[in-house]
Amino acid sequence: MCTLALKKIVAPVIFIAVTFTVNAQKSTSQKVDSLLQLMTLAEKTGQMNQYSSDFTATGPVTKDGDKQNQIRKGMIGSFLNVTGAAKTKSLQEIALQSRLKIPLLFGQDVIHGYRTVFPIPLAEAASWDMAAIERSARIAATEVSAAGVHWTFAPMVDIGRDPRWGRVMEGAGEDTYLGSMIATARIKGFQGKGIGNTDAVMATAKHFAAYGAAVGGRDYNSVDMSLRQLHEIYLPPFKAAADAGVATFMNSFNDLNGIPATGNAYLQRDILKNQWKFNGFVVSDWGSVGEMINHGYAKDNYEAAMLAANAGSDMDMESRAYIKHLPQLVKDGKVKMSVVDDAVRRILQKKFELGLFDDPYKFCNEASEKQQWNNAAHLEAEKDMARKSIVLLKNSPLTPKGGKTAAALLPVSKEIKSIALIGPLIKSVKDHLGFWSYDWEDDTARIPSLYDVIKKRLNSDESLFYAKGCEVADTSTAGFAEAIEATKKADVVIMYFGEDRMMTGEAKSKSNIHLPGVQEDLIKAIHATGKPVIVLIGAGRPLIFNWTADNVPAILYTWWLGTKGAEAIADVLFGDYNPSGKLPMSFPRSEGQIPVYYNYYSTGRPAANENDNNYVSAYLDIPNSPKFSFGHGLSYSNFQYSNVSVNTTVPSGNQNLIASINITNNSTFNGEEVVQLYIRDMVGSVVRPVKELKGFQKIFIKAGETKTVNFTITTAQLKFYNDKLQHIWEPGDFEIMIGGSSNNVKTVKIKWNK
Ligand code: BGC
């Protein structure tokens, strides 16, 4: 197939003029230039045009006649939502009937796995395990590249400080440093040993930029922020992506300080292409070129195309503004030919790097596509990732009596002989998959529910009782009585509550992020029976469940964990896996507290403690702290931190500072712990956050063992953007903090001299 394809494409091109495809001596950029010289303006704008297939969409799809004919005319450079080796191959064959035989690029939202659905990205972020996250992306790339796809629209590297925004599920949470590390890991995973390998796909850093800061957490809403905040908090994960060699960027729907990101030259030209020297291409978000009309920034599609192209958006996803208006805009002198050439060059460069000119069908391999279906190694890796993503929020001793501490409820004791399973997610299947997992919708038969998994694990002398109790968003308590009856028969109750998978995701913003419906009432009713209660919460975002958090002794946050999610949960419940996840986002106490994040600025009137609201910066009705802090997550091990120390309390200049701490696993469980390093700059020329994550290490400590963890700190970690947007560090006093959560650290003070 390869040789045939090569002949098919190469021969006529030689005939036309330049031998760009076969001249091995030529560099890719020379080949791109040769091809560019052959292209008409219409063909160039064709390369800048991307259509969706007609079957999946996150926005309105314009039906526009005969797409096949448009491919033949060279009017389409790329498709999204076309997957499958056979389908992509058939469209590619049509592209090879066009005058210049430029192959199509196929893109797809492979956000957390493809055939093997991995945990949602926010859940994976809770693992703080870069190798596992990279492997997850690697597997996704392997599976989808075999289905003819060259390009994923992931990772989303938007900082998410607002859980009302449904798209927090797609990101790495609230922290810039963690987010940057995860961006790098995902890109390495997707792009593997480099694009051009048949198991690698181009990654996309999206949504450029500041989309996560939409006012009120309402999707697609405006963003207004200081440039200092933009550079310090929101841009670093994008910079990390560019540094990691990400092939493409996607711009975003929001306006940033009054200029829509799609038409924003400061973002796309000044920062991305000039300062960061990004040499890939920028795709618009779905219809975002045309949406500049709704923003009131462009009069019509003609003007929208002009603004977007001039601002550096290279490819138009689904607006049809480029294909319709760019040729005329060039003729009218509104868009320079050099702007079009630059965009087309960037796109063609990637097509060459992918090797599509040598073999346009190299990703369309039906045999290898089939191998990805039910791939055992991939499923095993998925289960492992799912286990790593689970966060043990609470595991209090059941009945502390007479000064003695009784055992915690988790892991479920081997003595337990009967279990009641209650709640709307116990038997659910699709919800494990989470939002952005549509490729699996038609094949859920092999995905077990938690009920199936637990039932399978039980011995013959153990019994299981089940009642749903209510639906996820139920307003009726009619099912409570049956749930209470089931509870009464059992030694322990495991309840599984949360959101269904369509409640968090794109266009899934919510003003109320409490556990939906009557679920928390059911928890209260079951708890009132006096039976020991374990609550699992499955959701795409941090939810609010204060009563449960205060009263239920054992709580696991299980997010949406993917294909093997239920097995992963059971492993944690029954002690076959010791949980080690840590929250990548703060969990608010109430919606009125949002945004709540750990790296806030100190005010002029900081509260002295959680109860202080006497003319200080505080609420009258709730403490300032979140319900669960960034970095929080327990283990079946009991990790004790001691002896925080530094090699010098007065480092200077470029000297390395070594900060150390001892961690003892005071338990009978071997376990993993994420040791977190935070720094506070005590006095700055601009106000600095009360703490900022600057490092972390995930370590394994055997039961009873003590390990010493060292962090090397340099002045690079002290840098911030001053009021002139210079990235600098300032000598002075700092606090070095190390701990197992942002709200539980040991501190040492130092003075860093010039
Ligand atoms: C989303 C993007 C996505 C695109 C294509 C848009 O609505 O914002 O993240 O890649 O659709 O599906």
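Student: In which loop is Ala 209 found?
Tutor: In this predicted model, a cis peptide bond joins Phe 208 and Ala 209, with omega about 0°. Phe 208 is the end of β5, which spans 204-208. Ala 209 is found in the loop between β5 and α9 (227-234).

Student: Where does Pro 155 lie, the residue joined to Ala 154 by a cis peptide bond?
Tutor: The cis bond between Ala 154 and Pro 155 has an omega of about 10°. Most peptide bonds are trans. Pro 155 lies in the loop between β4 (151-152) and α8 (176-191).

Student: Is Ala 210 buried or exposed?
Tutor: Ala 210 lies in the loop between β5 and α9. Its phi is near 70°, a positive value in a residue other than glycine. Most residues other than glycine have a negative phi. The relative accessible area of Ala 210 is 1%, and the cut-off is under 20%, so Ala 210 is buried.

Student: What is the phi of Arg 320?
Tutor: Arg 320 is found in the loop between β10 (316-317) and α14 (321-331). At 3% relative accessibility, Arg 320 counts as buried. Arg 320 is a residue other than glycine with a positive phi, near 60°.

Student: How many disulfides does the count come to?
Tutor: Cys 364 is buried, with a relative accessible area of 5%. Cys 470 is buried too, at 3%. A disulfide requires a pair of cysteine sulfur atoms within 2.5 Å. By this rule the count comes to zero.

Student: Why is strand β14 described as largely enclosed by the rest of the structure?
Tutor: Strand β14 covers residues 492-498. The strand is largely enclosed because the number of its seven residues that are buried is seven.

Student: Which residues of β14 point the other way from Val 492, Ile 494, Tyr 496 and Gly 498?
Tutor: In a regular strand the side chains alternate between the two faces of the sheet. In β14, Val 492, Ile 494, Tyr 496 and Gly 498 point one way, and the residues on both sides are buried. Those that point the other way are Val 493, Met 495 and Phe 497.

Student: Which residue in β14 is the bridge partner of Leu 421?
Tutor: Strand β12 (residues 418-422) runs parallel to β14, and four bridges join them. Leu 421 has its bridge partner in β14, and that partner is Ile 494.

Student: What is the handedness of the β-α-β crossover from β14 to β15?
Tutor: Six bridges join β14 to β15 (residues 533-538), and these two strands run parallel. Gly 498 stands opposite Gly 538 in β15. The chain crosses from β14 to β15 through helix α20 (residues 519-527), and the crossover is right-handed.

Student: How much space lies in the largest cavity?
Tutor: Rolling a probe the size of a water molecule over the atoms shows where empty space is left. The count comes to five cavities of 30 Å³ or more. The space in the largest cavity is about 100 Å³.

Student: Which residues are the closest to the centre of the largest cavity?
Tutor: The largest cavity is lined by 13 residues. They divide into seven nonpolar, three polar and three charged. The closest to the centre are Gln 47, Ile 71, Gly 74, Ser 98 and Ile 102.

Note on methods
Residues are numbered from 1 along each chain as its sequence is written. This is a predicted model: local features need pLDDT of at least 70, side-chain atom pairs count only at pLDDT 80 or more; totals for chains, interfaces and linings use all residues. Side-chain values use heavy atoms; hydrogens and water are left out. Buried means under 20% relative accessible area, exposed over 50%, partly exposed in between (1.4 Å probe, protein chains only). Two strands pair if DSSP finds at least two bridges between them. A crossover is right-handed if, with the strands pointing away from the viewer, the path from the first strand over the helix to the second runs clockwise. On a 1 Å grid over the protein atoms alone, a cavity is a set of points where a 1.4 Å probe fits but cannot get out, and a pocket is an open set with protein on both sides within 12 Å along at least five of seven lines; lining residues have an atom within 4 Å of a point. Grid points are joined across faces, edges and corners, and a volume is the space filled by probe spheres set on the points. Ala, Val, Leu, Ile, Met, Phe, Trp, Tyr, Cys and Pro count as nonpolar, Asp, Glu, Lys and Arg as charged, and the others, Gly among them, as polar.
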